Amino acid sequence: MSVKCRFNCLAVIGCLVFAPPSYATEVLFIHSYHLDYPWVKEYRQGFMDTIEQTDIIEHQMDTKRIASSDFNQSADNAIQQIQTSEPKLVVLADDNALKLVGPVVVQKQIPLVFLGINDNPRQYIALSKNVSGALERPLLKRSVSSLKTLLPTTKKILVMMDDNPTSYAILATSFDNKLKQTIAGIKVDTLLFSRFLDWQTAIEQSKANGYDAVIIANYAALKDTNDNNVSLNSVSQWTSEHTPIPLFAFWDYSIGHDKAIGGLTINGYQQGVVAAQHVNHFFNAGSLPSISTPNRGELVYSQQQLQKWHITLPSTLESRAKIVP
């Protein structure tokens, strides 16, 4: 299905192309991040493949790359877009958009659909029949269990994330606010980093510190020594090259040639599909369905990385896994 979208340049780094003041948009889709971010590409594809509406304006807040001190200005730009386009429904993707823009959408009584929310949405907005969406929950316990099946001698795992609001939301809802816990007999330690240099040190010392494997989660907000954002590819490729222990991941964009070996991943495409289904339901039925949690994790492994680490997938995993280069 072809979906025609009218795009806005990011206000923080460019200009806004405003819809005429007299025109009411059907859907305003506000992204916490930027359109080139792999997670955004995944859920956006699922959304656009499923949505029935053709009048969609998109706005990027870019909060993976801009400084946190600029978040409020980015939110103000998104709110200005709401006032200009007068949408019939607003879609907010990921925690920063729901936290910073959601209260205004609720106050204006505009129907709201969210996706990719890691924290409890009640932490951001008042829930009502005017609010629906899809929650995002990294599958930590199931990931550790599948890793134990793959590497039976594993005793201790390191989970690494950037020091970003989304990471703290994941820590609260998916990790029970625990930096240290035991899952299926395996000790799991979680560390958060703001600087890539500290991330690199943790990777280089991981084996010496007694870890048998490492799982990387969010890392798009890591900064270099000049306070510049370090690209996703730079982080994942450096980590893959220098890790002394097997490297796994929660998101499939981190898996592949010169990246992570694999893991039980969250499906960004499915998040977009569910959000679009909720939007379709609103325009077809005049109401929003209940909030849902897509829980279809997908096992993804890189053939190149399996060969590099001399790992053979057991039949119980291979029969269910997606193999990428």
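Predicted model: local features only at pLDDT ≥ 70, side-chain atom pairs only at ≥ 80, totals over all residues.
W251 is buried, with a relative accessible area of 2%, where buried means under 20% relative accessible area, exposed over 50% and partly exposed in between, using a 1.4 Å probe and protein chains only. Residues are numbered from 1 along each chain as its sequence is written, and side-chain values use heavy atoms, with hydrogens and water left out.

Let me stay with the aromatic rings. The structure holds twelve aromatic pairs, a pair being rings of Phe, Tyr and Trp (its six-membered ring) with centres within 6.5 Å, counted as stacked when the planes are under 30 degrees apart, edge-to-face when over 60, and tilted for the rest. One of them is W199 with Y219, which is tilted, at 5.8 Å centre to centre and 50 degrees between the planes. W199 is buried at 0%, and Y219 is buried at 1%. For F250 and W251, the ring centres are 6.2 Å apart and the planes stand at 90 degrees, so this pair is edge-to-face. F250 is buried too, with a relative accessible area of 1%, and both F250 and W251 belong to one aromatic cluster together with F29, W39, Y43, F47 and F175.

V279 touches F47 along with V27, I51, Q53, L89, V91 and V113, not counting residues up to four places away in sequence, where contact means heavy atoms within 4.5 Å.
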